[in-house]
Amino acid sequence: MIRAKKVIAMTFAVAALILLATAIVSAIDGPAVMVTSYTAEPEALMSGDTGTITLTIKNPSITAESSEIAMTYGQAGLPQQSTTTASTRDNSAEIKTIRLSSRGSGIEWSSEGFQRTEYGNIGALGPGESIEISIPIKADEYARDGTYHPEVYIEVENGENVRFPVCVKVDSSEVELLEMDAHPEISLSESKQIGLVVANNRPNPVSGVNVYVKAKTDELEITPKQIFIGGLGASEKRDVSITLTPLSAGDMDISFDVTYKNGDNIHHNDLESSVLVKSIADVKLILVNAPEFVYKGDIAKIEFDVANGMAKDIKAVSVIQAVDNGNGGVWLLPSEYFIGDMEVGDVFSASFELYTDDLCVGNTEIPFKLAFRDLDTDKRYELPGYAVHIVVKEPQDGELPIYLLIVAVLVIIVVVAGLVWVKRKRGR
C-alpha cells in the first residue's frame, strides 16, 4: 500500500516536471512571421521601369499560456490538494528590417528619390496580426524579357528570420500604331478620314493612352490633333480616325505619336507616314487664248475658262496671278478676276490684259492660280492653275507698234470720212 502511494506521488511529480519543461520550451521558442500573399504593380515591367511589390506579412502565433501546478501531500504520502496558476506570454514579433535580395537578377530595390535600400524598425506584430508593406523595385535598363525571382528578406529580432522569393516579369512589348490605309491619296479640294489602330501588345493593362498627330507642313490641316483613349487592357485594340484637309497639292509627311503609362512609367511609340494630295477632276482653269509672242509695248489679251467639275457647288471663285516672276515686272489688269458662286457643271470666262512696257525681251512665264471656298465648311482652297508662256520681242525697224498702227488707221478713217463729208456738202 505504501509502495502504491509512492508510485502515485512519483507520477504526479513527473507530470509536474513535463509541464514545467513545456513552459520552459515555450519561453525559449520565439515568434515567427510569414508572407501570406503579394502583388506586383505593374504586372509586367519594361526595361528601366519602376514598380512596387506589396507584401502581406502575418504573425501566425497565438497567445501562449504557461501553467504551474502546486500539490500538498498528507501523512500517508498521498496528494491531498493541488493548485494551478496560469500566465500569458506576449508572442509579438519584432520586425527589425525588410530588404530585397536581388542577387544580380536584374530586379533591384529602387532607391530613386531616397538613399535607403531597406526598411528598418518596422515595429512589433502581435499574434494573428497582419501588415502590408510595399517595396519599390526597378528593372535594370538592359534587363531581358523573362521572369525574375528576387528574395524578400525579413529580419525578426526576437524570432526566426524569413526569406521569401517573389516573381517579377519583364516584358518589352509596346503599344503600337497601325495604319488602316497606308499612304492614302486625297483630292486637293476634299477632306478625307484615315483610320488608325492603337494596339496594346503588352500582357498587362496600360493607362493614359493618348495619340498625337502632326503634319510637317502648314498646307495640311488635321482634325483632331490629339485623341484621348484612356486605358487599354492586355492585348486590346482600339480604332480611331482623323480628318485630313489639304490646302495644296503634293506629297505631305505626317507623324503619329502614342503615349501611355505602364504603372507610373511613361512610354511612347511613334509612326511616320505620308499622304499624296492630287489635283484631280475638281475645279479647272482652262486656257482659251494667249498670243505666242507680243512686241514690247503692246497689250496682249489672255483668256481662260473656269469649269466646276466637282459634285457640289462652290463659292468665291477667282483667278489670280500667282507670282511676280521678277522679270522687270508683270502688269495685269485686273490683278484678280472674281467670278463668285459656281454651281455644279458651270463654266465661266475670265480675261486679263497684259501690259508689256516694263517686260524684258525674251520668254516670259506668267503663272495663274485658281482660288475658291467650300460652300459648307467655308475653307479656302488654292489650286495650281496654268502658266502662260509669251515671248516678248523688240519692235522691228520701220515697224510701228500695233497700237500705233491702230491709231494711224483710225486717223486715216476719220480724215477720209471728213473729206467725203466736205465734198458732199459742196456738191449741194
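**Close-up views of a predicted model**

**View 1. Pairing of strands β26 and β28.** Five bridges join strand β26 (residues 314-321) to β28 in the antiparallel sense; two strands pair if DSSP finds at least two bridges between them. Strands (E, at least two residues) are DSSP runs, numbered from the N terminus. Ile320 stands opposite Glu336 in β28. This is a predicted model, in which local features need pLDDT of at least 70 and side-chain atom pairs count only at pLDDT 80 or more, while totals for chains, interfaces and linings use all residues. Residues are numbered from 1 along each chain as its sequence is written, and side-chain values use heavy atoms, with hydrogens and water left out.

**View 2. An open sheet of five strands.** The strand order is β24-β31-β30-β26-β28, with mixed pairing. At the edges lie β24 (293-295) and β28 (336-342), each of which pairs on one side only.

**View 3. Salt bridge between Glu151 and Arg163.** The closest N and O atoms of the two residues are 3.4 Å apart (a salt bridge is a side-chain nitrogen of Lys or Arg within 4 Å of a carboxyl oxygen of Asp or Glu). Glu151 lies in strand β11 (residues 151-156) and Arg163 in strand β12 (residues 162-165), so the pair ties together parts 12 residues apart in sequence. Glu151 is buried at 17% relative accessible area, whereas Arg163 is partly exposed at 49% (buried: under 20%; exposed: over 50%; partly exposed: in between; 1.4 Å probe, protein chains only).

**View 4. Salt bridge between Lys379 and Glu221.** Here the closest N and O atoms are 2.5 Å apart. Lys379 sits in the loop between β30 (362-374) and β31 (380-393), and Glu221 in strand β18 (residues 220-223), 158 residues apart.

Technical notes
Helices (H or I, at least four residues) and strands (E, at least two) are DSSP runs, numbered from the N terminus.
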